[in-house]
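Here is a short note for a colleague who is new to this structure. Please read the points with the model open beside you.

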Amino acid sequence: MNIAVAQSGGPTCAINASLLGVVNEAMRTPEIKEIFGSLNGIEGIVKNNLIDLRAHLDTDDKKALLKQTPATALGSCRYKLPDYDKDSSVYKTITDNFIKNDIKAFFYIGGNDSMDTVAKLSKYMAENGLDIKIIGVPKTIDNDLLITDHTPGFGSAAKFVATVLSEIVRDSAVYDLKSVTIIEIMGRHAGWLTASSCLLHTDGSPAPHLIYLPEAEFSTDKFLSDVAAKLEEYDSVIVAVSEGISLGKAEISKTDSFGHIALSGIGKQLEEVIKNSDIGCKTRSIELNVLQRCCAHIASKTDIDEAVLIGEAAVKAAVLGETGKMMCIKRVSDAPYKTEIFSADAALVANGEKAFPSEWITANKNNVSDLAIPYFMPLIEGECDIKTKNGLPVHLLLK
Ligand code: F6P
């Protein structure tokens, strides 16, 4: 049999490690012949735009470079399959291309929207008597997938966020004056990544002095009084804010095919709120933007290792006959950090969102409790050995 693998949704710096896991396990499985990479997610299957991954990854050096390359080496998409009872034409095209290439298993590395594709495709295959396994491999810096303890990609993004925040803390304190620095962090409507900035507190740092998550109610009046109170206590106040909090104004109207609003700019808006208030101190906003998901130079080794393992587990699951599943991580213990991989129905993950737990948000809704630290800490542990040339990291391009 042949297999195909694709990547979908917003990138992470661990998503290519999962691709490597799929390829490594497929190469070790005698019944798997061709290993196809589908370019730009499911769109590559629709357009029969496939590459030969055995040829592209024929040396250990290339595999090592793939593992340290950020973003999706196979490209990505934000493509929503229609319900097949309304429009089955694209399902027929996908099936024709699976059959034409003798593809008996398809691995989709993605987030909650990609699990919608896994659930729909596997249901279609089953209802049409087709023995083609469809398996989801999780990834997202948002860490908002249901059932799994956490998602590959998140740990590295959290390590980057905590690292740059600790550096911003130093930079923001150089002048002998009062200042507020607002850092806008990704995560859509889930505050996990913003919350992970609480890791600075492990070192006794009071920063971030304020952390605002989409899971807690937000008001500009409360924000201004929080900032004013912190300025009484500290000269340099650091605020971590999730891109998903809303000032209650009309949001930007541009959406993708899953209906997601393009979020960004809350940090700048809050900077203006402070500048237009009577607080009157130096104020700066910093939007971490895509840096937090392509920061492979500071990836968490724990995250990258798990991303490989979960890709490998996906192939094992398909070979054992599973389909319509997403591979998940179960946390056995925080310290020592131990996990197990299991599978769950992708339909239970599709389109859902796992919110940051309310019991880990402080009572005044403007920070994260230290109770969250044992959850975050092991995910950022360990450094990867990054190969460089002329002082810069080397990447592997497949497209
Ligand atoms: O879902 C992952 C993510 O990086 C979110 O954190 C962010 O809001 C979104 O993707 C951005 O999507 P895009 O790259 O399509 O603009």
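A residue counts as buried under 20% relative accessible area, as exposed over 50%, and as partly exposed in between. Keep in mind that this is a predicted model.

1. Start with Asn-351. Its relative accessibility is 43%, so Asn-351 counts as partly exposed. Asn-351 is not a glycine, yet its phi is positive, at about 65°. Look for Asn-351 in the loop between helix H12 (346-349) and helix H13 (373-376).

2. Next, go to Lys-365. This residue lies in the loop between H12 and H13. Lys-365 has a positive phi of about 65° and is not a glycine. With a relative accessible area of 43%, Lys-365 is partly exposed.

3. Check the peptide bond between Ala-207 and Pro-208. The bond is cis, and omega is about -10°. Pro-208 sits in the loop between helix H8 (192-195) and strand E7 (210-212).

4. A cis bond also runs from Ala-335 to Pro-336, with omega near 0°. Pro-336 belongs to the loop between strand E10 (325-333) and E11.

5. Stay with strand E11, which covers residues 338-345 and holds Phe-342. Is Phe-342 buried, partly exposed or exposed? Its relative accessible area is 31%, so Phe-342 is partly exposed.

6. Finally, view the surface around Phe-342. Together with Ile-147 and Leu-348, Phe-342 forms a nonpolar patch there. The accessible area of these residues together is about 260 Å².

Conventions: Residues numbered from 1 in each chain as written. Predicted model: local features only at pLDDT ≥ 70, side-chain atom pairs only at ≥ 80, totals over all residues. Heavy atoms only, no water. Patch = residues over 30% accessible without salt bridge, like charges linked within 9 Å, V, L, I, M, F, W, Y side chains within 5 Å. Areas by Shrake-Rupley, 256 points an atom, 1.4 Å probe, with all protein chains shown as cover. Salt bridge = Lys/Arg side-chain N within 4 Å of Asp/Glu carboxyl O. Helix = DSSP H or I, 4+ residues; strand = E, 2+ residues; numbered from the N terminus. Buried < 20%, exposed > 50% of the residue type's maximum accessible area, 1.4 Å probe, protein only.
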